[in-house]
Each structure stands twice: as structure tokens, then as C-alpha cells.
Amino acid sequence: MFNDIDPYYALFNFWTGEVKIQAIILLIVVLVSSLLIERPWCKYLCPLGAFLGVFNFISIFKIRRNKSICISCKACDKLCPMNIVISDKNVIKNHQCIRCLKCTSEVGCPIENTVYIGTKVGEINEIK
Ligand code: SF4
Ligand code: SF4
């Protein structure tokens, strides 16, 4: 139902003659902006991402930072593909978080178990 405006449908079907001009234009916009911005479609245009992002506010499983052991090196901020600032928050509620879990990995944070995905109960256990 979204084929007429779907740049990814255009990308994989542009030779078929079934792709509408507006989808081709969107594809060009996404490709050109990708040269300047990381993940422009995911960040600013994807309607499914916008819908799913709402659940970041109500999910009981959230990305959490244990501030008692964080050394404020900001490595997590630099690694986040959605440019979310993690290092000054205890809980990430940002609708743009795609739960890639890069910030929870040892590459994302040098201090083990500082950033993790879990519930409030998990956080209390972590600090104990
Ligand atoms: S899970 Fe991924 S998108 Fe979400 S804050 Fe961590 S690095 Fe960023
Ligand atoms: S990478 Fe880990 S230690 Fe460094 S600022 Fe982020 S949460 Fe804190």
C-alpha cells in the first residue's frame, strides 16, 4: 500500500516501470542525504520507526546507565548511530533509539555493566 512513496521499493524495482515518480524522488533524497547524515531515513522519514518509537516511552525494558560507576568518558555518545546523548541520562526514553544495543557492548562502554537494557528492578539489583 506504500509502494507509491516507498524509496526502498523504488531502489529494488526501478527497472520494472512500476515505480512512481514520487518514490524515485524520495529515493534520490534519501541517497543524497545519506552522504551527509547517518541513517536519514531511519532518523527523519520512516513512518514505521516513528510508530515503533512511541513504545520506547512505555516499554518496561529501557536502556539504562548506572551513573554510580560511569566515568563520563562519553564513548557511548560517540558510538550511538542515532546520535542520542547517553552519558548524561540514567534512562534513555528517546523515541529515536532503535535498540541496537551498541551502547551496552564493551565497545560502546569501557566499564562493564554501566549501560544495559533492563527494568527498574534490574537497575536496583545492579546498583546493589
Ligand atoms: S541502543 Fe543503540 S540507538 Fe539506542 S541509545 Fe544505545 S546505541 Fe543509541
Ligand atoms: S561510555 Fe560508559 S563510562 Fe563512558 S560516559 Fe558512556 S556510560 Fe559512562
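User: What is the bridge partner of arginine 64 in β2?

Analyst: Arginine 64 is bridged to valine 91 in β2. This is a predicted model, in which local features need pLDDT of at least 70, side-chain atom pairs count only at pLDDT 80 or more, and totals for chains, interfaces and linings use all residues. Residues are numbered from 1 along each chain as its sequence is written, while chains are lettered from A and ligands numbered from 1 in the order in which they are written.

User: Why are β1 and β2 said to pair?

Analyst: Strands (E, at least two residues) are DSSP runs, numbered from the N terminus. Two of them pair if DSSP finds at least two bridges between them. β1 and β2 (residues 91-92) are joined by two bridges and run antiparallel, so they meet the definition.

User: What makes both faces of β1 covered?

Analyst: Lys62 and Arg64 on one side of β1 (residues 62-65), and Ile63 and Arg65 on the other, are all buried. Each therefore has 20 or more other C-beta atoms, placed from the backbone, within 10 Å of its own.

User: Which residues of domain 1 and domain 2 count as in contact, and how many are there?

Analyst: Contact requires C-beta atoms, placed from the backbone, within 7 Å. Four residues of domain 1 meet this with four residues of domain 2.

Technical notes
Buried ≥ 20, exposed ≤ 12 C-beta atoms within 10 Å, placed from the backbone. Helix = DSSP H or I, 4+ residues; strand = E, 2+ residues; numbered from the N terminus. Contact = placed C-beta atoms within 7 Å.
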